[in-house]
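Keep the viewer open as you read.

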Amino acid sequence: MRTEIRFAGFGGQGIIRSGLMLATAACIWGDKNAVQTQSYGPESRGGSCKSEVVIADEEIDYPKVDEPDIVMIMSQEAYNKYVSTAKKGATILLDPSMVTEVESSLHLKTYNIPATKIAQKLGKTIIANVVMLGALTAITKIVTPEAMKKAVAQNVPRGTEKLNLAAFKRGYEYGRQLKG
Amino acid sequence: MNNKDLMLQHPLAKYLRQERMPHIWCEGCGNGILLNSFLEALDELQLDLDNIVVISGIGCIGRAAGYVNVDSFHTTHGRAIPFATGVKLANPQLKVVVISGDGDLFAIGGNHFIHAARRNVDIKVICANNFNYGMTGGQYGPTTPLEAWTTTTPYGNIEHPFNLVHLAAASGAVYAARWTTLQVRRLKASIKKALQKEGFSLIEVISPCPEIYDRYNKLGTAVEVMKWFKLVSEVHKAYDPAKAVITKNRIIIGEFVDIEKPSYGRLLREMTAQVKEDLEGENTK
Amino acid sequence: MAKNNKAVLTGTHFLSGDLACAEGALAAGCRFFGGYPITPATEIAERMARRLPQIGGIYIQMEDEIASIAAVIGASYAGKKAMTATSGPGFSLMQENIGLAVMTEAPLVIVDIMRGGPSTGQPTMPGQQDVMQAKWGSHGDYEIIALAPSSVQEMFDLTIECFNLAETFRVPVMLLADEIIGHMWERVEIPPSNEITIINRKKPVVPPREYHPFQPDDDLVPPMACFGEGYRFHATGLTHDEKGAPKTVSIPEQTKLVKRLCGKIRTNTDTIIQVKEVTLEDADVVVVAYGIASRAALSAVRKARTQGIKAGLLRLITIWPFPEKLVAQIAEQAKAIIVPEMNCGQLVREVERAAKTTPVSLLSKLGEEPHRPSEIVEAMRRM
């Protein structure tokens, strides 16, 4: 089984890091094959930014995402650009404070995760991507929360592990409630 | 007596690859004096020849590397200094000497010179400055004086020349000296000093180019150029290198910089030792 | 993970291609890196800057790529295994000294993480546009070796292979990867150090007096003394005889030297060339691909087979020397050949030359997105 996941937003939101965390969780602690690729402009901050992950039980030949099964979106620009490329019935996770104009007619399962607000309450907007990852883990079950937590802890700056794991937990709980 | 017999009698013969003789330099060229001073310095210091590397770039003096009986490398145009940097860092036991010309070191290779001086890489640069590109037939270069005639300044040179010792001083060299090929004892003493000193050193050697530059500019025969050197050379001690410009009437010579500063290699080895020590400490915790 | 005093980080890792390349170099014995920052190869320099001091190696950031390759040649001659890493613009600056490394037979490795060109082009986007430059970029006639990794694991494995080939043949060896492979993260298995094959340059067996630095053995490769070992030899970028003496006007010396420099690679192509063959036995349509394009090609060949198309893949691991004989053999049996490349058609010319009358079709791609498997399958249907 091959699952394609796309993360999109702008530079500085941790988009590439999010893809990396998911791929690490699947590959190192999830007993699957995983590959992460990325696309970004020359700017470190602010430019549009995309990260792609393919997770599969079998060997992964083509490493890029063609028709994503899961899309995590953190900007309006990214929504407009990528929502139409998602597979029919794909799972879309978006942050409503970043994406305000949403098309309702698409055959997609869309979940609104107020990640920026949750992150603000925890004290740092920059961890919104980890809140999103928590929700993504709960909703898609693509990796176990245990694997994901290990990947988060390994991929954040030293000394911020606790805060990031709290963000992950809040996102995970929010996602689980949404999923019902 | 043929050339070979002369060579066998030469007191510095063991420092030369005799099978490469005769050299390619013109009669009266200053390169022979420069090379001789370098070999005498080696001889007087009794350095282990197995630990000396001579590196050159392209140009007449660039052939010096091939004549010296030590490990040697003739690089591409302008790249002797970065090549020498790689050699010195890879094997710190070696004494690394760059012998090259003004065009090679300061035009095409100018950027490498200032950065090696800034880093204070422990290499010794001996520059033959003959004010032009001799090997290609006399074009102007970074040291050609204003108004001089070369084949590419047929109406006179309108570019200002570099003051090499000032450039070396400003870039961070720990030693910078200038001599003409007339002051052979002082030149040799400078080379010996640089060889024993840690850090980036420049020795500029003002050198006659009788067949090309000196002829174009009507400076006379090699002997006459040497007489001119005698007439206009002014030896100073610790003269401000910024003011040590070269004119027709005045060539300021001497040692301009002679300071102590840890070399790049030393700092690198200290850093590496510290990194290793810290890691070992962490691993045994 | 990067905090380690071991050269070989045995174990399972999740790494980017650039990082795996750096680890491969260290595992191969590389102890000198001279470089200059450039997207998308900077991560290699960053990793080396951190890791080399941990294991007693040397990292130096030079003032430009010309200086980087010059320092690497110097370090190689002083006895270290040495490497530099760059991308298109820096690779262009290195070309003259690549010729010097060829002429003086300096073993070294150059990594080029290819981005979009010409000129500054698209720094963060992939390309396979330096393939011909790798072969022909410096002036004069010469042969080099270039390998094209298509996975992060190969960024590790083939970097080691690059060093082994460089040391065996005394030639600059290039790892030609693209931005996607360089920045892609995948699992990497790093074996125990005693399971990694390491080849070191052969040393002279004669005393210094009898040593001629450019006198070859039967394999056309001369044993290599290094500076400071007492051999007191001379090397030059000028045409030279076996003793290293310049021979700037001799026709026989020019002919002998240049033919040997080319010959030491050309006569050893069978031992150098590595490819991967996938369902070629009965293939009507064969995809010849390398690097990132070969990943889509593999997927396309698998898909095509399920749709009844007899498709096969020849994945080139070695792109220089070009596996001419092999492509010619495959072309005899195949009805059509497809070459997907992220350029306007470079290696396809070599394929065409080898394939003779078999039709060869280029699938060109420029910019961010690599070939999709579906595009290659469509091309197969068209053929």
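This is a predicted model: local features need pLDDT of at least 70, side-chain atom pairs count only at pLDDT 80 or more; totals for chains, interfaces and linings use all residues.

Beyond its neighbours within four places in sequence, B:Thr180 is in contact with B:Val205, B:Ile206, B:Phe229, B:Ser233, B:Ile251 and B:Ile253. You will find B:Thr180 in strand E7 of chain B, which covers residues 175-180. Is this residue buried or exposed? Its relative accessible area is 0%, and the cut-off for buried is under 20%, so B:Thr180 counts as buried.

Now move over to chain C and look for C:Phe32. This residue lies in strand E2, residues 30-35 of chain C. C:Phe32 is buried as well, because its relative accessible area is 0%. Which residues does C:Phe32 touch, if those up to four places away in sequence are not counted? From chain B come B:Gly86 and B:Leu89. From chain C come C:Leu52, C:Ile58, C:Ile60, C:Ala71, C:Val72, C:Ala75, C:Lys80, C:Lys81, C:Ala82 and C:Met83. For a sense of distance, pick out C:Arg295, which is 263 residues from C:Phe32 along the chain. The C-alpha atoms of C:Phe32 and C:Arg295 are separated by 32 Å.

Staying in chain C, let's turn to a pair of helices. Helix H1 spans residues 17-28 and helix H6 spans residues 152-169. Their axes come within 7 Å and cross at roughly 35°, and the crossing is right-handed. On the H1(C) side, the contact is made by C:Gly17, C:Asp18, C:Ala20, C:Cys21, C:Glu23, C:Gly24, C:Ala25, C:Ala27 and C:Ala28. H6(C) contributes C:Val152, C:Met155, C:Phe156, C:Thr159, C:Ile160 and C:Phe163. Sorted by class, this contact between H1(C) and H6(C) has 10 nonpolar residues, three polar ones and two charged ones.

Next come some backbone details. Most residues other than glycine have a negative phi, and most peptide bonds are trans. With that in mind, look at the bond from B:Met21 to B:Pro22, which is cis with omega near 0°. B:Pro22 sits in the loop of chain B between helix H1 (3-9) and helix H2 (31-45). In chain C, the peptide bond from C:Trp320 to C:Pro321 is also cis, with omega near -5°. Here the proline, C:Pro321, is in the loop between strand E14 (318-320) and helix H11 (324-333) of chain C.

B:Lys218 belongs to the loop between helix H9 (213-216) and helix H10 (222-232) of chain B. Its relative accessibility is 76%, so B:Lys218 counts as exposed. Another is C:Ser119, whose phi is near 55°. C:Ser119 lies between strand E5 (108-116) and strand E6 (122-126) of chain C, in the loop that joins them. C:Ser119 is exposed too, because its relative accessible area is 63%.

Let's zoom out to chain C as a whole. It has 13 helices and 16 strands. For its 383 residues the globule rule gives 21 Å, and the radius of gyration of chain C is 21 Å, so chain C is as compact as a globular protein of that length. Along the principal axes, its C-alpha atoms fill a box of roughly 70 × 55 × 40 Å. Buried residues account for 65% of the chain. Among contacts in chain C between residues at least 6 apart in sequence, 74% join residues at least 24 apart.

Chain A has 180 residues, and a compact globule of that length would have a radius of gyration near 16 Å; the value for chain A is 15 Å, which agrees. Its six helices and six strands run β-α-β-β-β-α-β-β-α-α-α-α from the N terminus on. The C-alpha trace of chain A spans about 40 × 40 × 35 Å along its principal axes, and 56% of its residues count as buried. Chain A exposes about 7,900 Å², with 50% supplied by carbon and sulfur atoms.

Finally, how do the chains meet? Two pairs of chains touch, and the most contacts are between chains B and C. Chains A and B are joined by no contact, and their closest C-alpha atoms lie 16 Å apart.

Note on methods
Residues are numbered from 1 along each chain as its sequence is written. Chains are lettered from A and ligands numbered from 1 in the order in which they are written. Side-chain values use heavy atoms; hydrogens and water are left out. Axes are lines fitted to C-alpha atoms, for helices over the stretch in contact, and angles run from 0 to 180 degrees between N-to-C directions. Helices (H or I, at least four residues) and strands (E, at least two) are DSSP runs, numbered from the N terminus. A crossing is left-handed if the near helix is turned anticlockwise from the far one by less than a right angle, and right-handed if clockwise. Contact means heavy atoms within 4.5 Å. Ala, Val, Leu, Ile, Met, Phe, Trp, Tyr, Cys and Pro count as nonpolar, Asp, Glu, Lys and Arg as charged, and the others, Gly among them, as polar. The radius of gyration is taken over C-alpha atoms; the globule rule is 2.2 Å times the number of residues to the power 0.38. Buried means under 20% relative accessible area, exposed over 50%, partly exposed in between (1.4 Å probe, protein chains only). Accessible areas come from the Shrake-Rupley method with a 1.4 Å probe; for residues, only the protein chains shown count as cover.
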